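Please open the model in a viewer and keep the sequence panel beside it.

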Amino acid sequence: MRELALHLLDIAENSISAGAKNIAIRVEEDTETDCLRMSVQDDGRGMDPEMVARVTDPFTTTRTTRKVGLGIPLLKAAAEACNGWLEIQSTPGKGTHVQVEFQRSHIDRMPLGNLADTYLSLALGAPHVHWLLSYQVNGNEFVFDDKPIKEELDGISLTEPAVISFLRDYIGVGISNIQLEEN
Amino acid sequence: MNKIKSLEDLKRIREEALNKRQIKAASGQKEIVVGMGTVGIAAGAREILKAILDYIEEENLEGIVVRQAGNIGLDSWEPVVQVTIGEEPKVTYGKVTTAMVSKIMKNHVVGGEVVKEYALEL
């Protein structure tokens, strides 16, 4: 993974697989505190403490009831290499909250990458989910809540050409308006 | 500051879509699924999904359902794209590149002909 936006996509996929109906993603960049923070919060099936420990540990033992992949351990390692951290809070039956933070200016911090494409892929590829996607840079915020859009469309598919066009522009322009140059 | 489109545009889009809505029974439901597990994402699945959406937008193709799925279980073939047209069996394309997307869309999704050289025998 060469972009943080791709890691974000990966984490969000976990939320979708967990049966979430509402997924909120936040990306925050702050040049003053030198911090880049990402969070994915869902109302999916959640995990018990044992499972949470397993998903963050790349060296799992043979006894696993569910397949555990490398997405989270790799993101955790990437954050820790940048004076950062990754934390998962989860409650079975309620949902999961994954938070990760990086020292923004750290030389090893991979670029955020194409956040607009990640947000667009999620909104269009998993339309059964209510997405609340936000991006904040030094206090300037862009929020994409797909609920009013779906209400307005009232049953028209999100993958209709005119809707794809609308969403691509809406999200793309919203993000580029606040994005900083060096990303 | 770039102009951000408003929800008013959506009203118009909805009206146009309703007016153009054709009976789907004849052609059959068209569904495209892009695998988006960790391996898929690392292999470029997001770019493949984007290329599919771009094609739909550019060619103005209506009535196609595009979805993403989690890990399909074909890690060594990622990025994977599955196409289902109506009652026909699902076709799985493996190691899809953005260059292959237009051929798959044009020949199979629009033209109804499976692109055999890209399809996986499962």
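Begin by selecting strand β1 (residues 30-35) of chain B together with β3(B): in this predicted model, the two strands run antiparallel and are joined by five bridges. Within this pairing, select Val34(B), which stands opposite Val81(B) in β3(B).

To see one of the pairs, select Gln82(B), whose bridge partner in β4(B) is Thr92(B). Now follow the chain from β3(B) to β4(B): the two form a hairpin with five residues between them. In the turn, select Gly86(B), which has a positive phi of about 55°.

Select Glu78(B) along with Pro79(B) and inspect the peptide bond that links them. Is this bond from Glu78(B) to Pro79(B) cis or trans? The bond is cis, with omega near -5°. As background, most peptide bonds are trans.

The following stop is the contact between the two chains. Select the residues on both sides: 36 come from chain A and 33 from chain B. On the side of chain B that touches chain A, the elements giving two or more residues are α1 (7-20), α2 (38-43), α3 (45-58) and β2 of chain B. Which of the elements gives the most to this side of chain B? That element is α1(B), with eight residues. Colouring this side of chain B by residue class shows 17 nonpolar, 10 charged and six polar residues.

Finally, turn to chain A, where two loop residues deserve a selection. The background to this stop is that most residues other than glycine have a negative phi.

Select Asp34(A), in the loop between β1 (22-30) and β2 (35-42) of chain A. Although Asp34(A) is not a glycine, its phi is positive, at about 55°. Is Asp34(A) buried or partly exposed? Asp34(A) counts as partly exposed, because it has 13 C-beta neighbours inside 10 Å.

Then select Asn83(A), found in the loop between α3 (71-80) and β3 (85-91) of chain A. Asn83(A) is not a glycine either, yet has a positive phi of about 55°. With 15 other C-beta atoms within 10 Å, Asn83(A) is partly exposed.

Terms used
Residues are numbered from 1 along each chain as its sequence is written. Chains are lettered from A and ligands numbered from 1 in the order in which they are written. This is a predicted model: local features need pLDDT of at least 70, side-chain atom pairs count only at pLDDT 80 or more; totals for chains, interfaces and linings use all residues. Helices (H or I, at least four residues) and strands (E, at least two) are DSSP runs, numbered from the N terminus. A residue is buried if 20 or more other C-beta atoms lie within 10 Å of its own, exposed if 12 or fewer, and partly exposed in between; C-beta atoms are placed from the backbone. Two residues are in contact if their C-beta atoms, placed from the backbone, lie within 7 Å. Ala, Val, Leu, Ile, Met, Phe, Trp, Tyr, Cys and Pro count as nonpolar, Asp, Glu, Lys and Arg as charged, and the others, Gly among them, as polar. Two strands pair if DSSP finds at least two bridges between them.
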